Amino acid sequence: MAAFKTVQELIYDKSPAEAITDIEMAFGKIGKVVKVDREAGKITGKTRYVLDSVTIEAEVHEYEGKTKIIFHGKSGDVAAIGAQNGIASLVSSMQHANTSGEEIPAVKASAGRLILMWIFVALGGLIGIFLASSIVSAKNADGSKKYTAAHRKQAIAALIIAICLTIIYFLIYNFN
C-alpha cells in the first residue's frame with residue numbers, strides 16, 4: 001500500500017530525452033519500468049526498499065539549458081523513508097546509467113536503520129499500552145480502584161521511557 005509520499009527535485013546536466021533514457025536504464029537496474037510517456041516527459045517505475053514496494057514517477061522538463069526532474073515517490077512506511085531511499089537509489093543509478101558493470105553506491109539509510117527505527121516505535125507503543133494498563137488495572141483487594149504512589153512512579157517511568165524512545169527514533173531519522 002503506497003500511502004506515504006515524498007517529492008524531490010533534481011537539476012540534471014543532460015537533455016530531457018537523455019534524462020528519460022537514463023531514468024529508464026536506472027529503473028532497469030533497481031526495479032522495473034511501468035510506464036514511459038516521452039511526449040509528456042513522464043516515466044513511472046517500481047522498486048523495493050526492504051519489504052516495501054516503492055512507486056516513483058519522474059516528470060522531466062527543460063530548465064535553463066539543463067533538465068529539471070521532479071520525482072514523486074510513494075511507499076507504505078511512515079515518513080516515506082522507502083520512497084526517499086528509492087529516489088536516492090534511482091538518482092545514484094542514473095549517474096551510473098551508462099556504465100554497465102559499475103557497482104551502485106549504497107543509499108543514505110540502510111535497511112538495518114529502518115528496522116531499528118520501527119523497533120523503537122514498537123517499543124514505544126508497547127510501553128504506552130503497558131502504561132495505560134498499569135494505571136487502569138490497579139485495584140484494592142475489594143475490587144475498588146487504587147492509584148498508589150508506587151503505581152504512579154511506575155507509570156511515570158514507563159512514560160519517560162516511551163518519550164525517550166520516541167525522541168531517539170526522531171534523532172535517528174533526522175540526523176542522517
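Two strands are taken to pair if DSSP finds at least two bridges between them. Helices (H or I, at least four residues) and strands (E, at least two) are DSSP runs, numbered from the N terminus. The model is a predicted one, in which local features need pLDDT of at least 70 and side-chain atom pairs count only at pLDDT 80 or more, while totals for chains, interfaces and linings use all residues. Residues are numbered from 1 along each chain as its sequence is written, and side-chain values use heavy atoms, with hydrogens and water left out.

The chain contains four helices and five strands, and from the N terminus on these elements follow the order β-α-β-β-β-β-α-α-α. Its accessible surface (Shrake-Rupley method with a 1.4 Å probe; for residues, only the protein chains shown count as cover) comes to about 10,400 Å², and carbon and sulfur atoms contribute 62% of that area. Of the 176 residues, 34% are buried, where buried means under 20% relative accessible area, exposed over 50%, and partly exposed in between (1.4 Å probe, protein chains only). Contact is defined as heavy atoms within 4.5 Å. Among contacts with a separation of 6 or more, 55% are made by residues 24 or more positions apart.

Strand 2 (residues 31-37) pairs with strand 3 (residues 42-49) in the antiparallel sense over six bridges, and K32 stands opposite K46 in strand 3. Four residues lie between the two strands of this hairpin, and G41 in the turn has a positive phi of about 75°. Strand 3 is in turn joined to strand 4 by eight bridges, again with the strands running antiparallel. Here Y49 has D52 in strand 4 as its bridge partner, and V50 takes a positive phi near 55° in a hairpin with two residues between the strands.

Strand 4 (residues 52-63) also runs antiparallel to strand 5 (residues 66-75), with nine bridges between them. H61 stands opposite K68 in strand 5. K68 also lies over the face of Y63, at 5.4 Å from the ring centre; a charge sits over a ring if NZ of Lys or CZ of Arg is within 6 Å of the ring centre and within 35 degrees of the ring normal. The hairpin of strand 4 and strand 5 has two residues between the strands. Within strand 4, T55 is buried at a relative accessible area of 17%. Neighbours within four places in sequence aside, T55 is in contact with T44, G45, K46, H72, G73 and K74.

Turning to the helices, I23 belongs to helix 1 (residues 16-30) and is buried, with a relative accessible area of 0%. Residues up to four places away in sequence not counted, I23 touches I43, A58, V60, I69, L90 and M94. The C-alpha atoms of I23 and I43 are separated by 7.8 Å, although the two residues are 20 residues apart along the chain.

L90 and M94 are among the buried residues of helix 2. The expected span of a helix is 1.5 Å times one less than its number of residues. For helix 2 (residues 81-95) this gives 21 Å, in agreement with its end C-alpha atoms, which are 21 Å apart.
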